Amino acid sequence: MSNQPMSNPQTIVQTNKVEVLAKEVINHPDGRVELASQSLISDSPLYNHDLAPVALSERKWTTYNYAALWMGMSANIPTYMLASGLIASGMNWWQALFTILLGNMIVLIPILLNSHPGTKYGIPFPVFARASYGTYGSNLPAIMRALAACGWFGIQAWIGGQALYTLVTAVMPGFPTMLGAPIDGHAPSEWICFAAFWGLNIFVIYNGMDLVRKVAGFAAPFVFGMTGLLVYWAITNAHGLGNILHDAGKFHTVAEFMPIFVPSLTAMIGFWATLSLNMPDFTRFGESQRGQMIGQVVALPSAMTVYSLMGVVITSAAVVIYPHMKMSELWDPIKLIGQFKDPVIVAIAMFTVVVATLSVNIAANVVSPANDFANAFPRWISFKRGGLITGILGLFLQPWKLLADPSGYIFTWLLGYSGGLGSIAGVLIADYWVINQKDLVLPDLYRTKGAYTFNNGWNWRAVTATLLGCGIAWGGVVIPALKPLFEYGWFVGFIVSFVSYYILMKLVPLTPTVGYGQLATSEIPVAVDGEN
């Protein structure tokens, strides 16, 4: 009988599995991973070119690109008007800005956490969601996120259309009545401008992500610079900063302030709750983890706060300059600019609004849902077709009604969906950072049979955790006793889903799977007692 140790067949198969994984992917010294060949997954029904991992040679976004992206997305009319809803609720100007700053510093945390897998693996958000929800279950968070983006797309498209309308009216004074009586409260020419701006968005998305990057890179410094000139104009013509900056507000104690502060803070988080999920759609193009992190940390909180401050200063001064205008109109920069008499100045100002709105709409509200819809039917829906679907759905949400009331915009729209998106974020972060410890099997994200097949492509634990988060976060809508939970919507959704997902994964664990550096046993036969 030989004294040599007998080989364990399980160990041999495990070793072979690691060797196969090592051949399928390339692990780079900086921690980024790419497929050795797209042919490994190109025949899968879960694959299309737009969802495929980005090759390392094509990951070209630098720190500036991410900083410019956030500056461009922050410099838009809803940001400008954010403080208006808070001040209308009784806050003074610095309380409003503090709420905006703190909300953006908080939402930056899940944004950075969910940005990491995009840069490491070169994958978009819906593919990243396959790791936790399953190869088909990922459609649940993807569609939830996409529908929120469709609403935002409609809002920004309406704002851009209004800017075009004001621009054309400055050049052609008879334009508002040129096409007849109003339709649903708006002139036919307004609807035409809305349709034109809508079409411009679709045109850009049909020309790909490189054009999106270039638009953002141009828009950021241009829009901030032009808004800075408007601040100078307002202060000069008002001979000071106006009255809003001296208004003490309605809340003079913490006890008075907190009931309005909490839902307002949740709404501020809700403003970018969508991007807290789908930043992999952008960080997949990043040159490095450090570059994308620095760009986002530097730009997001500062850009949002500064642009909101610009809106406060301009409006405060405008109260002095145009005392005949209603306060709701003074907060709207498009209506404010409409008071200018020089058509050249109006045209330049409206061009700035168009650029700003186009930049944020494409980056924040079309890129992600285009990928999300493509994820549902990869073989039939491309990135371009997904963008078109986004645009069409954005029309049905009637953005002109969402924007009619600034307080309703903040406390109904933003607050409402933040709880749902927080529930998704909780699952994604718990799975990637705690359960899988940043380690994914890249090829299996695109395979119908692999580490993320779970139960017929669905991980019921993730779905259950998400529904629990949504149910508790939204419970206050129908159950008065739970209203405080609704006001904390994003926080409640995130915490409930994070904790429940972690508990379910521990109580009902999956068959161990693997990433690089671990072994997966999901496809590995276990040796029977007596075999050697």
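Begin by selecting Arg447 and Glu24, whose side chains meet in a salt bridge with an N to O distance of 2.7 Å. This pair ties together distant parts of the chain, since Arg447 belongs to the loop between helix 19 (406-435) and helix 20 (460-474), while Glu24 belongs to helix 1 (residues 9-24), and the two are 423 residues apart. Please keep in mind throughout the tour that this is a predicted model. Glu24 counts as buried because its relative accessibility is 11%, and the cut-off for that label is under 20%.

Through shared partners, the salt bridges join Glu24, Asp444 and Arg447 into one network.

How many salt bridges does the structure hold? There are 3, and one of them is still to be visited. Select Arg32 and Asp30, whose side chains meet in a salt bridge at 2.7 Å, again given from N to O.

Next, turn to the aromatic rings. Select Arg130 together with Tyr446, and look for Arg130 over the face of the Tyr446 ring, at 5.5 Å from the ring centre. Then select Trp61, Tyr66, Phe282 and Phe285, which together form one aromatic cluster. Across the structure the count comes to 29 aromatic pairs, where rings are taken as a pair if their centres lie within 6.5 Å.

For the last stop, move to the surface and select Val434, Trp460, Ile495, Val499, Tyr502, Ile503, Leu507 and Val508, which form a nonpolar patch with about 680 Å² of accessible area together. Which helix gives the largest share of this patch? The answer is helix 22 (residues 489-507), which contributes 5 residues. Within the patch, pick out Leu507, which is found in helix 22. Leu507 is described as exposed because its relative accessible area is 65%, and exposed means over 50%.

Technical notes: Residues are numbered from 1 along each chain as its sequence is written. This is a predicted model: local features need pLDDT of at least 70, side-chain atom pairs count only at pLDDT 80 or more; totals for chains, interfaces and linings use all residues. Side-chain values use heavy atoms; hydrogens and water are left out. Rings of Phe, Tyr and Trp (its six-membered ring) pair if their centres lie within 6.5 Å; planes under 30 degrees apart count as stacked, over 60 as edge-to-face and the rest as tilted. A charge sits over a ring if NZ of Lys or CZ of Arg is within 6 Å of the ring centre and within 35 degrees of the ring normal. Patches are made of residues with over 30% relative accessible area and no salt bridge: like charges are joined within 9 Å, nonpolar side chains (Val, Leu, Ile, Met, Phe, Trp, Tyr) within 5 Å. Accessible areas come from the Shrake-Rupley method with a 1.4 Å probe; for residues, only the protein chains shown count as cover. A salt bridge is a side-chain nitrogen of Lys or Arg within 4 Å of a carboxyl oxygen of Asp or Glu. Helices (H or I, at least four residues) and strands (E, at least two) are DSSP runs, numbered from the N terminus. Buried means under 20% relative accessible area, exposed over 50%, partly exposed in between (1.4 Å probe, protein chains only).
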